[in-house]
Amino acid sequence: MRVGVLTGGGDCPGLNAVIRAVVRKGVQDHQYEFTGFRDGWRGPLTGAAVPLDIPAVRGILPRGGTVLGSSRTNPFKERDGVRRIRENLAGLGVDALVAIGGEDTLGVAARLWEQHGIPCVGVPKTIDNDLSATDYTFGFDTAVNIATEAIDRLHTTAESHMRVLVVEVMGRHAGWIALHSGLAGGANVILIPEQRFDLDEVCGWVTSRFRASYAPIVVVAEGAMPVDGELVLKDASGGLDAFGHVRLSGVGEWLAKEIERRTGKEARTTVLGHIQRGGTPSAFDRWLATRFGLHAIAAVREGAFGRMVALRGTEIVRVPLSEATACLKTVSAERYEEVKVLFG
């Protein structure tokens, strides 16, 4: 049997750990052969592929990014996309696909299986931790650790100059990174996409912090919005990607200007951006990604196609891809409310 492997969407710490685990278990236990597709779904579309064997995956466990490359290619937006994928898989002798990605990448895998019978198994990755049906996605822990370290460092410079520091983190529709890193880093305000924020309330928290002779840290997710406004974009002319997403960033800078204008206190912005996605994965993400890879190839072995491996508690289970991609996992109002006592 020959198995294809691809990594789609944004890069993420832990992708290489999955590739390594899939190949090692598949070769050693089942004598499978592997083909790695380049640049996400663009690989099966164009036939861009490389052989994967144990020597090819040696030493990649601690490396960030993905040795296969990635892209936001959507084959359903390409002319004859499904036909081209089917022909390239047949030409390369690929019997099944392991698709490693987030909502968009796995949404494609779900449709290919359900509508066209192409055998796919999914592995959940996203630093945003917003995939339903799994407690955690790999990449999230690393992103939170990076953001938390940045917040720790910003506390000292904020207090040295007694200024407001606004930290913009990733999180398009889900505030998990902002919530976890803000809580762990001792932020005084945390703003997330799920709960629109009141600028007067934010400025009140900032002012309260100054009254206590401390400099406030405000953590804001890139998709957070004010109650009386819309999504703030640094560049609204960038258009949409193949999955209909606009490029986010800009709310941190806008928020800092508004805070400074309303409170009279100097405010600066730090946008962490792709720093959160880069570099070596944390120990937890290596552990989780490796387990996901081992269970993904077991699902291929057992013919459990149209399924995604998922973490439930400490166990790895299989869930339908359609269930995993049906809706996003977002921060509940109750979860957000429990941390608001620490604001200000």
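Two strands pair if DSSP finds at least two bridges between them. The legends below describe close-up views of a predicted model.

**View 1. The hairpin of strands E10 and E11.** Strand E10 (residues 307–312) and strand E11 (residues 315–320) are antiparallel and share six bridges. Within this pairing, Met308 stands opposite Val319 in E11. Two residues lie between the strands of the hairpin, and Gly313 has a positive phi near 70 degrees.

**View 2. The seven-stranded sheet.** The strands of this open sheet follow the order E3-E2-E1-E4-E5-E10-E11, and their pairing is mixed. Strand E3 (49–52) and E11 are the edge strands, each pairing on one side only. On average, and with direction ignored, neighbouring strands are turned by 30 degrees against each other. Helix H10 (residues 283–301) packs on the sheet, where the strands touched are strand E1 (2–7), E2, strand E4 (96–101), strand E5 (120–124), E10 and E11. The direction of H10 makes about 50 degrees with that of E11.

**View 3. Strands E2 and E3.** Strand E2 (residues 33–37) runs antiparallel to E3, and four bridges join the two. The bridge partner of Phe37 in E3 is Ala49.

**View 4. Helices H1 and H10.** Helix H1 (residues 15–30) packs with H10 at an angle of about 40 degrees, and their axes are 7 Å apart. H1 is therefore oblique to H10. The crossing of H1 past H10 is right-handed. Residues of H1 that meet H10 include Ala17, Val18, Ala21 and Val22. On the H10 side, the residues that meet H1 include Ala289, Gly293, Leu294 and Ile297.

**View 5. The four-stranded sheet.** This open sheet has the strand order E7-E8-E6-E9 and parallel pairing. Its edge strands, strand E7 (189–191) and strand E9 (267–271), each pair on one side only. Neighbouring strands here are turned by 20 degrees against each other on average, direction ignored. Strand E6 (residues 164–169) and strand E8 (residues 217–221) run parallel and are joined by five bridges. Opposite Val166 stands Val218 in E8. Helix H9 (residues 251–263) lies across E6, E7, E8 and E9, and runs at about 160 degrees to E6.

**View 6. Helices H6 and H7.** The axes of helix H6 (residues 140–161) and helix H7 (residues 176–184) cross at roughly 45 degrees and come within 8 Å. The two helices, H6 and H7, are therefore oblique to each other. Their crossing is right-handed. H6 contributes Phe140, Ala143, Val144, Ala147, Thr148 and Ile151 to the contact. These residues meet Trp176, Ile177, His180, Ser181, Gly182 and Ala184 in H7.

View 7. Zero disulfides are found in a search of the whole structure. A disulfide is a covalent bond between the sulfur atoms of two cysteines. For Cys120, the closest cysteine sulfur is that of Cys12, and the distance of 20 Å is too far for a bond. The cut-off for a disulfide is a pair of cysteine sulfur atoms within 2.5 Å. Cys120 has a relative accessible area of 0% and is therefore buried. Cys203 also counts as buried, because its relative accessibility is 7% and the limit for buried is under 20%.

How values were computed: Residues numbered from 1 in each chain as written. Predicted model: local features only at pLDDT ≥ 70, side-chain atom pairs only at ≥ 80, totals over all residues. Heavy atoms only, no water. Axes fitted to C-alpha atoms, helices over the stretch in contact; angles between N-to-C directions. Contact = heavy atoms within 4.5 Å. Buried < 20%, exposed > 50% of the residue type's maximum accessible area, 1.4 Å probe, protein only. Parallel < 35°, antiparallel > 145°, perpendicular 65-115°, else oblique. Left-handed = near helix turned anticlockwise from the far one by under 90°.
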